[in-house]
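Trainee: Please take one part of this model and go through it closely. I would like the hairpin first, and then how the rest of the chain compares in outline.

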Amino acid sequence: MKKNGFTLIELLAVLTLLAFVALITVPVMESILESSKKKTKDASIKEIISATKKYVTKYPEKINFDTDNEFLLPVNILKSSEFLNDENYIDPETKKPFSGSIYIKYNPTKYTYTYYYFYKAIETNDVTNCFMFSNGTITGYNNDTPACVKQDIEIPTTINGIKVRKIENPTSSAKQYLVNARKVDFSKALYLDEILNNAFNKTTGTTVNMDYLDLSNNSLLQSIGDSAFGNTGYLNIYKLSLPDNIETIGYKTFRDNNIAQVTLPNKLERIGEEAFAYNKIERIEIPTNVRILSNNCFSNNLLKSVIINSKKDTTEFSLYRTPFSNNENFTDSKIIWKQ
């Protein structure tokens with residue numbers, strides 16, 4: 001006798017199979033879409049930097065380097081030149097035209113130039129004496145001074161005319177915490193190249209709802225130290241954006257927050273032990289340049305998908321013991337290796 005349709009068991013079997021296929025393919029498709037946007041943006045930035053090099057070669061008299069041999073060239077100037085006359089460069093992530101500035105650094109010893117892109121370049125100079133500051137390094141904040149107690153704090157480009165290069169941990173007491181019931185804006189700290197150990201590691205007092213930690217405009221930032229924004233549970237970071245040039249993320253750097261999603265920078269090489277432990281990350285993609293995934297660096301999250309853009313079992317790539325441990329229902333067998 002012929003069947004006119006599917007039985008309930010057959011339908012359930014088909015639905016189960018489709019759900020399983022979706023579980024595998026959706027993370028991959030999301031990764032492909034994100035990678036496509038990233039590649040498009042990177043290609044546009046390369047063209048902008050290429051135009052900058054031509055501009056510097058033809059108009060060296062317009063590049064007025066400061067005493068540190070640094071200069072910021074607005075992208076809008078390039079757009080008005082013969083080297084970048086296409087005004088329709090659109091950032092695929094923001095859906096807005098590229099603007100900002102190109103950072104140019106001249107090395108007088110090697111006669112070479114270094115270029116970085118800032119999506120926005122607004123310079124500010126702080127003269128309030130709210131920051132504890134020495135030799136280009138912020139070492140604390142005067143929370144006991146009434147004029148300095150604010151809900152939002154902005155890390156400036158310069159303090160009393162000196163560029164902010166580094167931020168380190170407070171020197172002595174809780175009164176000097178850089179985070180004390182406030183949010184922090186890093187977007188104007190254009191010359192920041194390092195956030196040192198424990199810089200924002202608040203260990204006493206009230207919980208801070210830092211919410212969104214946006215470091216995406218800090219193009220010179222290469223290293224974030226141990227426990228810089230983590231390990232105490234006081235900050236409550238929910239969203240994190242990192243710049244492309246970070247190479248090292250230290251030990252427990254973002255531990256004990258509520259981060260649900262993060263895109264790791266292409267130039268990242270090392271992720272320290274427990275760097276992102278005890279967050280709420282469901283999906284993570286490890287860039288090609290990462291060579292060290294330290295123990296428990298993504299432990300105790302909500303991982304469902306891990307994509308690694310390196311060859312499996314290569315001697316250059318180190319899976320140190322259990323980087324993805326204590327994620328319910330997740331095992332290393334679910335890791336997708338792209339190469």
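Mentor: Strands S2 and S3 make a hairpin with four residues between them, and Tyr 111, in the turn, has a positive phi of about 60°. Strands here are DSSP runs of E with at least two residues, helices are runs of H or I with at least four, and both are numbered from the N terminus. The model is predicted, so local features need pLDDT of at least 70 and side-chain atom pairs count only at pLDDT 80 or more, while totals for chains, interfaces and linings use all residues. Residues are numbered from 1 along each chain as its sequence is written, and side-chain values use heavy atoms, with hydrogens and water left out.

S2 covers residues 101-107 and S3 residues 112-118; the two run antiparallel and are joined by seven bridges. Two strands count as paired if DSSP finds at least two bridges between them. Ser 101 stands opposite Phe 118 of S3.

A positive phi also occurs elsewhere in the chain. Asn 129, which is not a glycine, has a phi of about 65°. Asn 129 sits in the loop between strand S4 (125-126) and strand S5 (131-134), and it counts as exposed because its relative accessibility is 54%. The cut-offs are under 20% relative accessible area for buried and over 50% for exposed, with partly exposed in between (1.4 Å probe, protein chains only). Lys 252, also a residue other than glycine, has a positive phi near 55°. Lys 252 lies in the loop between strand S16 (248-249) and strand S17 (270-271), and its 13% relative accessibility is why it counts as buried.

Thr 158, in strand S8 (residues 158-159), is likewise buried, because its relative accessibility is 13%. Beyond its neighbours within four places in sequence, Thr 158 is in contact (heavy atoms within 4.5 Å) with Thr 124, Asn 125, Asp 126, Lys 163 and Val 164.

A parallel arrangement is found in an open sheet of three strands, ordered S18-S20-S22. Strand S18 (283-286) and strand S22 (335-337) are at the edges with a single partner strand each, so one side of each has no neighbour in the sheet. Strand S20 (residues 305-308) pairs with S22 over three bridges in the parallel sense, and Val 306 has Ile 335 of S22 as its bridge partner.

For the protein chain as a whole, there are two helices and 22 strands, and 46% of the 339 residues count as buried.
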